[in-house]
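Subject: Handover of a structure, with notes on its helices and loops

Dear colleague,

Please find below the structure that I am handing over to you.

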Amino acid sequence: MKKRPTVFNIQKFSTHDGPGIRTTIFFKGCPIRCEWCHNPESQVFAPEMMLNKYGKEELIGKDYSIRELVKKIQADQIFYDQSGGGVTFSGGEVMAQDIDYVVELAKECQRMGISVAIDTCGVAPKENYEKILPYADLFLYDLKFINSQFHREYTGIGNELVLENLRYLSQQKAAIDLRLILLEEINADEETAEAIIEWLREERIHVDEISLLPYHDFGRDKYKRLNRECTQNFIKPSDEQVETIQKVYESAGYQVSIGG
């Protein structure tokens with residue numbers, strides 16, 4: 001029997017997790033700890049207690065059978081069909097869940113003609129990507145830092161596995177939306193953008209789009225409600241700086257969007 005992952009949110013009518021109107025399934029549990037994380041309730045794999053906005057405790061996280069999730073996903077299929085949308089498996093980190101469960105869920109969606117996107121930080125075994133690849137139409141691939149030292153400092157681990165899995169998906173000609181967090185005074189500069197472009201070219205990495213994700217601190221109150229120290233202590237880059245970085249990527253021939 002496949003191990004049921006814990007789901008902490010099912011967001012319908014999402015327009016930021018891939019093309020068109022989507023249902024996003026947020027799986028609970030992540031192998032890294034990004035200091036800017038705005039969903040700290042996504043980090044632990046097991047259900048946990050969290051204060052709601054009224055100050056009352058509630059349990060965050062629930063397990064679903066594949067049939068239950070498919071029913072929720074299929075309910076909005078008319079909107080996917082009309083908008084070119086589908087379902088997005090996100091997290092936490094979906095690729096660090098029981099991969100047989102994730103694959104079976106993706107298979108069911110594919111069988112119904114529902115497009116599947118995988119939102120991933122790349123920190124999962126390569127064989128998990130090999131297994132999901134035939135059933136995923138798009139990878140929303142988060143590249144936190146091209147500099148492994150920065151990656152380790154701000155997420156807890158280096159980026160070697162992230163880059164290895166990105167190479168693999170590119171070699172397999174997967175559709176990739178490369179998503180880049182922008183943190184003022186850390187990586188929101190032209191030099192970082194140029195270093196990423198240089199690496200992509202050297203490694204012959206194909207990406208369909210680059211999404212620039214300016215930092216925000218919308219999750220600060222969640223840390224308090226989880227009784228955890230808040231690590232969201234960064235600076236949002238200015239609109240002008242984001243536009244400058246956008247032009248660097250566009251000048252190199254990439255299709256670029258802001259936000260996501």
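Which helices and strands cover the buried residues of H6? The cover includes helix H4 (126-132), strand E8 (138-142), helix H5 (148-155), strand E9 (176-182) and helix H7 (190-202). Here, helices (H or I, at least four residues) and strands (E, at least two) are DSSP runs, numbered from the N terminus. Buried means under 20% relative accessible area, exposed means over 50%, and partly exposed lies in between (1.4 Å probe, protein chains only). Contact means heavy atoms within 4.5 Å.

Before going further, please note that this is a predicted model, in which local features need pLDDT of at least 70, side-chain atom pairs count only at pLDDT 80 or more, and totals for chains, interfaces and linings use all residues. Residues are numbered from 1 along each chain as its sequence is written, and side-chain values use heavy atoms, with hydrogens and water left out.

Helix H6 covers residues 160-171, twelve residues in total. From its first C-alpha to its last it reaches 17 Å, close to the 16 Å expected at 1.5 Å a residue; the expected span is 1.5 Å times one less than the number of residues. The buried residues of H6 are Val 162, Leu 163, Asn 165, Leu 166, Tyr 168, Leu 169 and Ser 170.

After H6 comes Lys 173, which is placed in the loop between H6 and E9. Lys 173 counts as exposed because its relative accessible area is 73%.

Two helix pairs

Helix H1 (residues 66-74) packs against helix H3 (residues 99-111) at an angle of about 40°, and their axes are 10 Å apart. Axes are lines fitted to C-alpha atoms, for helices over the stretch in contact, and angles run from 0 to 180 degrees between N-to-C directions. The angle makes H1 oblique to H3. On this scale, angles under 35 degrees count as roughly parallel, over 145 as roughly antiparallel, 65 to 115 as roughly perpendicular and the rest as oblique. The crossing of H1 and H3 is right-handed. A crossing is right-handed if the near helix is turned clockwise from the far one by less than a right angle, and left-handed if anticlockwise.

On the H1 side, the contact is made by Ile 66, Leu 69, Val 70 and Ile 73, and on the H3 side by Tyr 101, Glu 104, Leu 105, Glu 108 and Cys 109. By class, this contact has seven nonpolar, no polar and two charged residues. Ala, Val, Leu, Ile, Met, Phe, Trp, Tyr, Cys and Pro count as nonpolar, Asp, Glu, Lys and Arg as charged, and the others, Gly among them, as polar.

How do H7 and H9 lie relative to each other, roughly parallel or roughly antiparallel? Their axes come within 9 Å and cross at roughly 25°, and the two helices are therefore roughly parallel. This crossing is right-handed. H7 contributes Glu 190, Ala 193, Glu 194, Ile 196 and Ile 197 to the contact, while H9 contributes Gln 241, Thr 244, Ile 245, Val 248 and Tyr 249. These residues divide into six nonpolar, two polar and two charged.

Around H9 and strand E11

Ala 252 lies in the loop between helix H9 (239-251) and strand E11 (256-258). Its relative accessibility is 21%, so Ala 252 counts as partly exposed. Leaving out residues up to four places away in sequence, Ala 252 touches Ile 197 and Arg 201.

Within strand E11 lies Ile 258, which is partly exposed at 42% relative accessible area. Apart from neighbours within four places in sequence, Ile 258 is in contact with Leu 212, Pro 214, Val 242 and Gln 246.

Backbone details in two further loops

A cis peptide bond, with omega about 15°, joins Gly 91 and Gly 92. Gly 92 is placed in the loop between strand E6 (86-90) and H3. In the loop between helix H8 (220-225) and H9 is Asn 227. Asn 227, a residue other than glycine, has a positive phi near 60°; at 73% relative accessibility it counts as exposed.

Yours sincerely
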